[in-house]
Amino acid sequence: MSLTLVGILGITILMLLLFVFGMPVGFAMALVGFGGFSYILNLNAGVSMVSQEFWSVFSKYGLTVIPLFVFMGQVAFYSGVNERLYRAAYKWVGHIRGGIAMATIMACAAFAAICGSNTATAATMTTVAFPQMSNFRYKPMLSCGAIACGSTLGVVIPPSVVLIIIGLSTEQSIARLFYGGIGAGLLLCLLMLLTVYVVCRLNPEWGPAGPKSGFSERIRSLSGAIEMLILFLLIMTGLYAGYFTPSEAGGAGAFFAVVISLVQRTLSWENFKKAVMDTLRVSCMVIMLIAGAMILGKFLTITRIPFNMASWVAGLNVPDPIILAIIFGMYALGGAIMDALALLLITIPIFFPVASQMGCDPIWFAVLITVVTTLGAVTPPVGATTYVVAGMAKGSTLNQVFKGVTFFLPAYLICIVLLMVCPWIITFLPGLM
């Protein structure tokens, strides 16, 4: 059996383990990688490779950035940042037709940037925002669609755990990836707000205007959100100026998040313990995913599938944009059937060399594939955030959530096209570093 055929068989077995047997992604990747490596070489080589990769992953200082940023987000979550962010956004734009949905998207963007988790943002904002929109007679489809899609912005807007993982996997600057994500995240957020505006112009009864707040009320509402803005600016400025490494930025962010919550007395001891336990759970899951992906990557490397695919793509007599469109189409399709982080970890060893062979900017490619895979978080049959919203929004159904999401799909597609046509949207800020 040729090495390439062994690699294809390994990928097929991986899909079976994931979708038929329901094995956790990290363990499935590690098992297939170990089995394939041992088959091609020998059992001793496989055992040695696995032990080396596990030691390499779990002893890597750079990985400390993950639990630190996750802990910062969990502290923000349990100290009630979500409610304060929503209240501030509502005071500023709630009086516009569809304004409460716009406020929800902006609050989702702000909270997701701090939290870094789609599902946590979806659960939190559904609890906070959906009852408010129901009180103002918002159409459930619009309400659920705004929450589900707004929650996906955390994958792109820094500090994004997905961008951290991509940076570690491809040996890119995490700080540059963060700055690249700002432009893409803001563009996607603005397109979502425009979607709400257009939908409510065409169907005014779907998003009635709320009461208008006075200027003094708006200014006072910022007191509940300004500290998180300062925290975000502290991290990004420190990274840009070189005062912090990514790990130090995560430590500083976690420390100041705790200090802010203590000063404001918004974090109880019980919630602090919950934040620590949730951080432990999420961090272990992510690091196990990385370890499994590294083992799978070693197996794919000796099968030469990534190199063969890169050579095959380079030999195709078609324009590069068509090749990129095929790659992004595969990411969009894959994102619809599995978790975005797992998909990226499995496919980066295959497609990143292809993009490099074509001369693509690595920052641009990395950020753009995160935007493409955000589609998977809201499209069937998986669409994790849609299930969270449907489960927590009382009076709504999964069918309504999916219908609401369809209104926002053009925003994703337009964003992807603009980022492909105008790559400077992503590369401008990293280019200043």
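User: Let's start with α10 and α21. Which residues meet there?
Analyst: From α10 come Ala184, Leu187, Leu188, Leu191, Met192 and Thr195. They meet Ala411, Tyr412, Ile414, Cys415, Leu418 and Leu419 in α21. Contact means heavy atoms within 4.5 Å. Helices are DSSP runs (H or I, at least four residues), numbered from the N terminus.

User: What sort of residues are they?
Analyst: Eleven are nonpolar, one is polar and none is charged. Ala, Val, Leu, Ile, Met, Phe, Trp, Tyr, Cys and Pro count as nonpolar, Asp, Glu, Lys and Arg as charged, and the others, Gly among them, as polar.

User: Before more numbers, what am I looking at?
Analyst: This is a predicted model, where local features need pLDDT of at least 70, side-chain atom pairs count only at pLDDT 80 or more, and totals for chains, interfaces and linings use all residues. Residues are numbered from 1 along each chain as its sequence is written, and side-chain values use heavy atoms, with hydrogens and water left out.

User: Back to α10 and α21. At what angle do they cross?
Analyst: Roughly 145°, and the axes come within 9 Å. Helix α21 covers residues 409–421. Axes are lines fitted to C-alpha atoms, for helices over the stretch in contact, and angles run from 0 to 180 degrees between N-to-C directions.

User: How does α10 pack with α22?
Analyst: The angle is about 140°, with the axes 7 Å apart. α10 spans residues 174–202 and α22 spans residues 424–432. This crossing is right-handed. On the α22 side, the contact uses Ile425, Ile426, Leu429 and Pro430. Among their partners in α10 are Arg176, Tyr179 and Leu187. The contact residues divide into eight nonpolar, two polar and one charged.

User: New topic. Which residues touch the most others in the largest nonpolar core?
Analyst: Ile66, Ile105, Phe328, Tyr331, Phe365 and Leu419, out of 137 residues. The largest share, 16 residues, comes from α10. Such a core is a set of buried Ala, Val, Leu, Ile, Met, Phe, Trp, Tyr and Cys residues joined through side-chain atoms within 4.5 Å. Buried means under 20% relative accessible area, exposed over 50%, partly exposed in between (1.4 Å probe, protein chains only).

User: What does Ile105 touch?
Analyst: Its contacts include Cys189, Met192, Leu193 and Phe408, not counting residues up to four places away in sequence.

User: How many aromatic pairs are there?
Analyst: Seven. Rings of Phe, Tyr and Trp (its six-membered ring) pair if their centres lie within 6.5 Å; planes under 30 degrees apart count as stacked, over 60 as edge-to-face and the rest as tilted. Phe352 and Phe365 are an edge-to-face pair, 6.2 Å centre to centre with 65° between the planes.

User: Why does that pair tie parts together?
Analyst: Phe352 lies in helix α17 and Phe365 in helix α18, so the pair links parts that are 13 residues apart in sequence. Phe352 is buried at 16% relative accessible area, and Phe365 is buried at 2%. Phe328, Phe352, Trp364 and Phe365 form one aromatic cluster.

User: Last one. Is Thr386 buried or exposed?
Analyst: Buried, with a relative accessible area of 0%. Thr386 sits in helix α19, residues 384–392. Leaving aside neighbours within four places in sequence, its contacts include Ala148, Leu398 and Phe402.

Terms used
Helices (H or I, at least four residues) and strands (E, at least two) are DSSP runs, numbered from the N terminus. A crossing is left-handed if the near helix is turned anticlockwise from the far one by less than a right angle, and right-handed if clockwise.
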